[in-house]
Amino acid sequence: MQVRDLQVTFDLGRHGRLVAVDNVSFDLGRGEFVALVGESGSGKSTTALALIRLVPPPGFISSGRLLWWEDGGREPVDLLQLSPAQMRARRWRDIAIIFQGAQNALNPVMRIAEQMIETARAHHPMPRSEILERAAQCLRMVRLEPSRVLRAYPHELSGGMRQRVLIAMSLLMTPHLLILDEPTTALDVITQAHILEILGEIQEKLGLTMLLLTHDLAVVAKTARRVLIMYAGRIVEEAPTEALFETPYHPYARGLLQAVPTLRGDLTGKRPIPGVPPDLRRPPPGCRFHPRCPYADEVCRQLEPALEEVGGRRVACHHWQRVLVEASIQEPHP
Ligand code: ADP
Ligand code: MG
């Protein structure tokens, strides 16, 4: 999928307009595992919802293209040009999404088997027996015992198991692209690691394309090959995961990395980024990160930095080169 100049606006009536996703462009290559990272409110979920055209009102996609390349196709399809019925047919079969907090949204009075059957039937008429067979396969992929889990009600399963049920459900229609919105956020560290391992396994086995949304860079280190960093509705940096962890270019990426305790091995080194993300109804002029940026100057306060391509990466910062030099003097590598 190629996302081009995607913009999502929320019309807040007399409270004005809020652009939650602003001119966002990126590619998701076949079989790639990509992470979209940013603090809460940066526009990750809205971006994901836009990719499947499920932005809730008063939000709407105000511009952009979502170019989808079919297997063996010569021309991409722009998902934004499809009729609602055509788009519906593609959800789950081409693109599946596990919504943020979905593990708590399973129907409490329905056994897992029925929920899986209902999900599958909503997208494709298939006999029960066939769905159940497929459901069992998918549950085994997430290392759950089908005979036990299919009979269970959601409350009989742990949070980690419910999340794995959702992953299994999303695989029912064998999608090409799977979007996971904060899949491990509510879970303890051990369960989190287990889920990430399973996701990696599935991705490798099925050759799925995965887009994982998270506010937690530690999650990214274990999974994604490439990272997109979002701040206040915009992509501010894109890099292969290793390169980003080795040398972040954008001061915001640098700040996020410094807030991850495991990287330096001690909790005392953990430093959250001071300040809070801007109110998107009145974003700051120039670079949106400038009020929180230790490197900001007059240029940053006035001029919006473009997202520049630099050696297979992208960065939107006027001073990324200077930041690199200064940061390497201030914090030499251990
Ligand atoms: P993230 O997933 O990164 O936490 P979101 O995509 O949920 O961020 O939110 C991005 C911005 O869009 C926020 O400023 C949020 O307030 C706004 N937003 C999201 N959903 C709605 C909505 N239904 N109505 C109004 N504003 C919204
Ligand atoms: Mg979100």
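Author: Let us begin with handedness. A crossing is called right-handed if the near helix is turned clockwise from the far one by less than a right angle, and left-handed if the turn is anticlockwise. The model before us is a predicted one, and in it the crossing of H3 and H4 is right-handed.

Reader: At what angle do the axes of helix H3 and helix H4 cross?

Author: Two packed helices are described by the angle between their axes and the distance between the axes. Here helix H3, residues 112–123, and helix H4, residues 128–141, have axes that come within 10 Å and cross at roughly 110°. H3 is therefore roughly perpendicular to H4, since angles of 65 to 115 degrees are placed in that class.

Reader: Which residues of H3 and H4 meet?

Author: From H3 come Ala113, Glu114, Met116, Ile117, Ala120 and Arg121, which meet Arg128, Ile131, Leu132, Ala135 and Leu139 in H4. Sorted by class, this contact of H3 with H4 comprises 8 nonpolar and 3 charged residues, with no polar ones.

Reader: How are H6 and H7 oriented to each other?

Author: The axes of helix H6 (residues 159–171) and helix H7 (residues 189–206) cross at roughly 15° and come within 10 Å. H6 and H7 are therefore roughly parallel to each other, and their crossing is right-handed. On the H6 side the contact is made by Gly160, Gln163, Arg164, Ile167 and Leu171; on the H7 side, by Thr191, His194, Ile195, Ile198, Leu199, Ile202 and Leu206. The contact of H6 with H7 has 7 nonpolar, 4 polar and 1 charged residues.

Reader: What lines the largest cavity?

Author: A cavity is a space where a probe fits but cannot get out. With a threshold of 30 Å³ or more, the count comes to 1 cavity. About 70 Å³ of space lies in the largest cavity. The lining consists of His250, Pro251, Cys287, Phe289, Cys293, Tyr295, Ala296, Cys300, Cys317, His318, His319 and Val323. By class, 9 of these lining residues are nonpolar and 3 are polar, with no charged residues.

Reader: Where is a cis peptide bond found, and which residue other than glycine has a positive phi?

Author: Most residues other than glycine have a negative phi, and most peptide bonds are trans. In this model, a cis peptide bond joins proline 57 and proline 58, with omega about 10°. Proline 58 is in the loop between helix H1 (44–51) and strand E4 (59–68). Arginine 143 has a positive phi, near 60°, and lies in the loop between H4 and helix H5 (146–149).

Note on methods. Residues numbered from 1 in each chain as written. Chains lettered and ligands numbered in written order. Predicted model: local features only at pLDDT ≥ 70, side-chain atom pairs only at ≥ 80, totals over all residues. Heavy atoms only, no water. Axes fitted to C-alpha atoms, helices over the stretch in contact; angles between N-to-C directions. Helix = DSSP H or I, 4+ residues; strand = E, 2+ residues; numbered from the N terminus. Parallel < 35°, antiparallel > 145°, perpendicular 65-115°, else oblique. Contact = heavy atoms within 4.5 Å. Nonpolar A, V, L, I, M, F, W, Y, C, P; charged D, E, K, R; others polar. 1 Å grid on protein atoms, 1.4 Å probe; cavity = no way out; pocket = protein on both sides within 12 Å on 5 of 7 lines; lining within 4 Å. Points joined across faces, edges and corners; volume = space filled by probe spheres on them.
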